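This briefing sets out selected features of a single protein chain, grouped by topic. Please read it alongside the sequence and the model displayed here.

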Amino acid sequence: MPDSMDTSAKFYELTPREKTFKKWINVWGAYIGIVLIGALLIAALGLKSTTYLGNPIFFALTIGGLSGMFYAIQTLRDGVRENAYFADILIGTTLLAAVIMALFLRVTDDTLTKTLLGIGVLVGLGSAVLTLILAVPIYDYRIGRGFISHEPIPYRRESQAALTPAQKRLSQWAGLIAAIGAVAISLIIALRLGSSGAWSRIGNPLFVAGSAIALVLVMASGLFVRWRPQWRLMMGDMLVTVIVTSTATLFIATAFDWTGDSANTVMWLMLALTVITIGVRLAAEQSVYSGLYIPFWLFRELEAFAEVIIEGPLSTEKQRNSDGITEIVTPQAVAMNVDRYLSRVHSPRKLSAMISLLFVTFLRPLWGLHLSMSRMGYLERRQFIEYVFRQGRGIYRPMIQIKQLIVLGYYSDPRTYPQVGFEPFPKRPRYQNLITADIPITPAAPPENALNVVREREHHCKICVIGSGAGGAVAAARLAQAFPGEVTILEAGSYLKASEFTQSEPDMIAALYKDGGMQISMELNMPVLQGACVGGSTVHNNGICFDLPDKVVANWKLMGASLNEVKLKESAQRVRQRLNIKPIPETVIGPGSFKFAEGANLLKQNGLDKGRIKSGPAWFELNFDGCVGCGYCNIGCRYGRKMSMLETFIPDAEVHGAMVIANCKALRFDIQDGRAVGLRCTLDDQHDFYVHADYFVVAGGTIASSLLFLNSGLKGPVGKGLSFNIGAAVSAEFPQPVRGYDGVQMCGYLEAEGYMLETLFNPPALFAMAMPGWFMEHFYNMQRYAYLANGGVMVPSAAIGEVRTPLPVVGRYLPGFSYSLEKDSTTYQALKDGIRLMSEVYLAAGAIRVMPSTYVDLEFRAGDDSDKIAQMIEDKIQRAEDLYFASAHPQGGNAINRDPDKGVINENLRSHTLQNVWVSDASVFPTSVQVNPQLSIMTVADYAAGMMLAEINS
């Protein structure tokens, strides 16, 4: 790690002067808060009936002035460097209040009032002087660090050319407000200098002085908004604060019949002023963020996040005279990228990202009286986010999802590719060699979907297959061959051709993944990736094919799930033959995988693995045919070389007359006399759609299939016994470029006791989402992207998860399943053991450092031995949520078992409850299959179709 990062870290710490200044600001804020509450208590306790409060207009303005000062103090506290100009405002208004109070000492004979005025004069002068003394060194610091120019900038008018029409209207309106404030102050001065009779009608001089503060703040805010557009947001908010609180106070006074004719007139004038000010203020901000998917007031929070999370060492935007690497894409552009991504995700559960932003915008300010993220200064914003990332789990965890979205928005932008050392496939020598050799690399278009489902409300067929992934497509192809033209396949996702795959990470994640890749457990700690397109997860998985292990089948038999092993073998053979499964060609193996194989072999040869490696390293078998090694497996193969369901079993089913209805989500079965008589669905989340069928095959994927049964009212063990293959990533940096992106993403593996190690390398955005580190550390790690190899440990979990019945109305917005790694101690320990072994493998291969994906600081260096690595893991990873883990292999929930009390389906894979419903996806597995499950799912699906045909024909 470069020295510049260490020096930059000091930049994000408060200086001693700043710490002292913040302490003073907190004291001052407490004082103003006490005065504000005291004034309100006086009115609430009925003292308004005395002459003490006097004219309600001045009392209301005093409340507004105190609120404005409190807002200014909070803004200064939450932005001690960038918002230091608020110190000028505070000093000026405090001095003015002291002067006015000193003048008013001569117009009152009341002892209490004189005492309070005297205290106000002393406190005001002292506060102004102390603030000035403490603030001056901070101004010098800001100039020296490049935060502000040496030029005198206040009140110098900027060009209005760059402003939108709405912003110009705000600027003009702010000027008018400032003029009104100036006129009001002049009237007060005129009354003070006029006859004693006129002055006596005004009321208590304390509140007249407080009114002057409010008017000065209004005038200052208006002038700042008018003449300094870059401060429009903060000063506009202070302007609104003063006006709104003053108007609200007058309305309360009206409710208690404490206003005269003049006060009522002023109240309605102030209400009109408030409405117009808020409207013009919001319109001005919205005009900057026009055309967004998310509301502009959330977008600005997202932009504030992006400014902090993507943090280049010694960025020139944050510190001048730096020669460090800086961000290429602006925070606003990053937020725009995230906004476009969210607009393309067709899932109600993307609301979780919105909720995280709402928390920052509204709930966070109420918690400790802080500003929202977009109002904070950079330093304070970073400190808060650092706390959330490093220590704040629990309710803060959804905010980590925002970090992932911002990383996606930054590193998916092609402008970052040269910075991280990534070459898109068309720019690589591999691609040019294919062109030179005249090898075609354009995919054939699959058959079109022939059914115009939008105009239909009902559909009739003999067999309805719900889901088009590994389970549904295989079953549908075999059933369609037996019943030509009588099979319909429903798919909740879209029907995309391979030629429509763009190799754009956010576009393809939004189009191909369930919930746009944002599906997460109820505990908010485990993302689960599943497909949401015709072809399901087979479209974007890595094509890895392991046979269903014999030991797993034997274990199922002991549990009450006895399958015909001969027929299982026949099904596996049929699937293997159709997919042309074979070992990965060495010509397309990613370079990082060779490092993995080298390190594992060295450990074994030298006995350093201590017997932990049971088999391997070896190369995967894949269902690829003529792979070109582009490295975009996880976002769909646009060259049609992956033999996914989209290229194989779906076309096979369509050849036999099967119909595919895309964007059709199954909701629930209608059930009569133990049979499903119909299926209620929605098309494009807009139109009701009803399917009449004699037989149904449920293959919607592990979680969706259980939800379908739960929504249909099925009881018993539905949704119980959910298991996963859980993965945790490990990255390793080598002294020379590895360019792990140039080849197939997953190539090699080895087996250990209770887990597997597998290689993996993603394009920049997906890679960055699993990359450990925060802020500059994460940014620096990504600069080493071309020097990295990557892999991970895959552990089969215990079957302790559960798919739960969704709550009414809000259930569609919430996670649908639960799993706690903290309650699965064996899996948790295996993950740590796997991280240890993977780290040793990479260090043996010559890595200079190894970085597991964790939420704690953990890094191993060349020379660290096995015992030291083990000790560091134990010291640092002390709880399950210290690990960043995920899964793409959910299994279980509708387990096979001959006993209806223990399983949802019988050994023929037919529902115990519904006589005409079979299940053919991973939800039928009683336990995890312990390997990448694609081929196991297809095998069981073919087996289920055979069992179904046997029952139908009989």
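Helices (H or I, at least four residues) and strands (E, at least two) are DSSP runs, numbered from the N terminus. On that basis, the chain holds 29 helices and 19 strands. The model is predicted, so local features need pLDDT of at least 70 and side-chain atom pairs count only at pLDDT 80 or more, while totals for chains, interfaces and linings use all residues. Residues are numbered from 1 along each chain as its sequence is written, and side-chain values use heavy atoms, with hydrogens and water left out.

**Overall chain**

- Of the 954 residues in the chain, 60% are buried (buried means under 20% relative accessible area, exposed over 50%, partly exposed in between, with a 1.4 Å probe and protein chains only).
- Among contacts (heavy atoms within 4.5 Å) with a separation of 6 or more, 78% link residues 24 or more positions apart.
- The accessible surface is about 37300 Å², and carbon and sulfur atoms contribute 58% of this area (Shrake-Rupley method with a 1.4 Å probe; for residues, only the protein chains shown count as cover).

**Nonpolar surface patch**

- Leu-351, Ile-355, Leu-807, Val-809, Val-810, Tyr-813 and Leu-814 form a nonpolar surface patch of about 620 Å².
- Patches consist of residues with over 30% relative accessible area and no salt bridge, where like charges are joined within 9 Å and nonpolar side chains (Val, Leu, Ile, Met, Phe, Trp, Tyr) within 5 Å; a salt bridge is a side-chain nitrogen of Lys or Arg within 4 Å of a carboxyl oxygen of Asp or Glu.
- Val-809, in the loop between β14 (801-803) and β15 (817-818), counts as exposed because its relative accessibility is 72%.

**Ala-335 in helix α12**

- Ala-335 belongs to helix α12 (residues 331-344) and is buried, with a relative accessible area of 1%.
- Leaving aside residues up to four places away in sequence, Ala-335 touches Phe-299, Leu-302 and Glu-303.
- The C-alpha atom of Ala-335 is separated by 8.4 Å from that of Arg-300, 35 residues apart along the chain.

- Strands β7 (residues 664-672) and β8 (residues 675-683) run antiparallel and are joined by eight bridges; two strands pair if DSSP finds at least two bridges between them.
- Ile-671 has Ala-676 of β8 as its bridge partner.
- Two residues lie between the strands of this hairpin, in which Asp-673 adopts a positive phi near 50°.

**Helix α24**

- Helix α24 (residues 702-711) is largely enclosed by the rest of the structure, because eight of its 10 residues are buried.
- Those buried residues include Ile-703, Leu-707, Leu-708, Phe-709 and Leu-710.
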